[in-house]
Amino acid sequence: MSDLRAEYLASLEDALVGPRRVRRSLLREAGDHLEDATAGYVEVGLDEEAAAARAVEEFGSVEEVAPHFQTTLAVSSARRTALLLLTVLAVQPFVWDGEPAATPEGLLYRVLDTGVEVLGLLMLAFALVVALACGIGNRWFHAGRSVARVGALGTLGSGAALAVLGVSMTIIAGGPQLQPWALLTGFILLPVAGTSLAARRTLATC
Amino acid sequence: MNSESLRGHLDAMILAVLEDEPLHGYAIIEALARRSGGQLDLPTGTVYPALRRLEAAGHLVSSWSEVSGRRRRTYKLSRSGRKVLAGKRSEWQAFSRMVGDVLGTA
């Protein structure tokens, strides 16, 4: 590969943040394009260096091209985060259906319990909308970085609320029993921490 | 031709050049340049994110294939892409006919 093409691709790579697999695939496609364009110009008589310079120039400066590539990365990251959140939420009913029957009778606990159910449903709907908007939703509008940002912020906010509700319910249920805390940690806190991490990564791409 | 006015039609133009056969990125850009008589003045790098967006929308399907001895990501039109192209084509024909009727000839 010519130095010019390699330098350009390195600068483009430095300007991009996002899911490694998508980033690599975009950069590989950019490299393939520059290789093909250089070969095309060599065929019509340019020397290798001039052909590479022309190919790079036509591809667009890093300042021009990187924002477009970055949008692709942000939308892809937001879609992954939304799918992760959907997966985490989808297993919840199966976990909590097996919950021990002895749950506190107090009003506060019932309010929190209803709150968790409502929040869970809202989060499910939100994750579904973001996942669709970042995929097939592109048929009707161009999903951009603002959609990715909303998806990431929504995931962070609702995840934190879910964790607070879960911890409150476990404290109110009382007792030093290991099982409720183990369930909470295994099926709420750790998965929420995972989706929050993914959401923070998505925010970094926006 | 002004790149901003072209950008709004880029998706339809990409779908149009893929109508007859699957092509890889560079071949798509060459076809766009050829069909526009060299007037398409976009940084070619901006076409790739558009291809990814059309793929996410389900209008294109991509796969890696061998092109002249090199592995290239090749795009082909899906059924929904063909449907969208037909719709865009009709819209454009009606629009250009209407504008032509209003502007008339000098």
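User: What does "buried area" stand for when two chains sit together?

Analyst: Buried area is the accessible area that two parts lose on being put together, summed over both. In this predicted model, the area buried between chain A and chain B is about 2,200 Å². Carbon and sulfur atoms give 54% of that area.

User: How many residues of each chain are in contact across that interface?

Analyst: Chain A brings 26 residues, and they are in contact with 25 residues of chain B.

User: How many residue pairs in polar contact are there across the interface, and which elements of chain A touch chain B?

Analyst: The rule finds 18 residue pairs in polar contact across the interface of chain A and chain B, counting pairs with both residues at pLDDT 80 or more. On the side of chain A that touches chain B, the elements giving two or more residues are helix 2 (20–43), helix 3 (48–59) and helix 4 (62–97). Helix 2 of chain A gives the most, with 12 residues. By kind, the residues on this side of chain A divide into nine nonpolar, nine polar and eight charged.

User: Let's turn to charge. How many salt bridges cross the interface?

Analyst: Here is the general idea. Side chains of opposite charge can pair when their charged atoms come close. In this structure, the rule finds six salt bridges across the interface of chain A and chain B. Over all chains, the structure holds 12 salt bridges.

User: Could you walk me through one of them?

Analyst: Take Asp32(A) and Arg72(B), whose side chains meet in a salt bridge at 3.1 Å, N to O. Asp32(A) lies in helix 2 of chain A and Arg72(B) in strand 3 (residues 70–77) of chain B, so the pair joins two chains. Both Asp32(A) and Arg72(B) are buried.

User: Which residue of chain A besides that one forms a salt bridge with Arg72(B)?

Analyst: Glu35(A) forms a salt bridge with Arg72(B) too, and there the closest N and O atoms are 3.4 Å apart.

User: And where does the salt bridge between Arg70(B) and Asp36(A) sit?

Analyst: The side chains of Arg70(B) and Asp36(A) meet at 3.1 Å, N to O. This pair crosses between chains, from strand 3 of chain B, where Arg70(B) is found, to helix 2 of chain A, where Asp36(A) is found.

User: Are Arg70(B) and Asp36(A) buried or partly exposed?

Analyst: To read this, compare the relative accessible area with the cut-off: buried means under 20%. Asp36(A) has a relative accessible area of 7%, so Asp36(A) is buried. Arg70(B), with 29%, is partly exposed.

User: Which residues are linked in a network of salt bridges?

Analyst: The network links Arg28(A), Asp32(A), Glu35(A), Asp36(A), Arg70(B) and Arg72(B).

User: What about a salt bridge inside one chain?

Analyst: Look at Glu19(B) and Arg89(B), whose side chains meet at 2.9 Å, N to O. The pair links distant parts of the chain, 70 residues apart: Glu19(B) is in the loop between helix 2 (10–17) and strand 1 (23–24) of chain B, and Arg89(B) is in helix 5 (residues 79–103) of chain B. Glu19(B) is partly exposed, with a relative accessible area of 26%. Arg89(B) counts as partly exposed as well, at 33%.

User: How do I read the layout of chain B as a whole?

Analyst: Begin with the elements. Chain B has five helices and three strands, and from the N terminus on they run α-α-β-α-α-β-β-α. The C-alpha atoms fill a box of roughly 50 × 30 × 20 Å along the principal axes. Of the 106 residues in chain B, 42% are buried. Among contacts in chain B between residues at least 6 apart in sequence, 49% join residues at least 24 apart.

User: Is Ser77(A) buried or exposed, and what does it touch?

Analyst: Ser77(A) is found in helix 4 of chain A and counts as buried, at 7% relative accessibility. Leaving out residues up to four places away in sequence, Ser77(A) touches Pro19(A), Arg201(A), Thr202(A) and Thr205(A). With Thr202(A), the side chain of Ser77(A) makes a polar contact of 2.7 Å.

User: What confidence values come with the prediction?

Analyst: The predictor gives the complex an ipTM of 0.83 and a pTM of 0.86. For chain B, the mean pLDDT is 88, and 92% of its residues reach 70 or more.

Note on methods
Residues are numbered from 1 along each chain as its sequence is written. Chains are lettered from A and ligands numbered from 1 in the order in which they are written. Side-chain values use heavy atoms; hydrogens and water are left out. Contact means heavy atoms within 4.5 Å. Buried area is the accessible area (1.4 Å probe) that two parts lose on being put together, summed over both. A salt bridge is a side-chain nitrogen of Lys or Arg within 4 Å of a carboxyl oxygen of Asp or Glu. A polar contact is a pair of N or O atoms within 3.5 Å; within protein, one must be able to donate a hydrogen and the other to accept it, and residues adjacent in sequence count only if both atoms are side-chain atoms. Helices (H or I, at least four residues) and strands (E, at least two) are DSSP runs, numbered from the N terminus. Ala, Val, Leu, Ile, Met, Phe, Trp, Tyr, Cys and Pro count as nonpolar, Asp, Glu, Lys and Arg as charged, and the others, Gly among them, as polar. pLDDT is the predictor's confidence in each residue, from 0 to 100. Buried means under 20% relative accessible area, exposed over 50%, partly exposed in between (1.4 Å probe, protein chains only).
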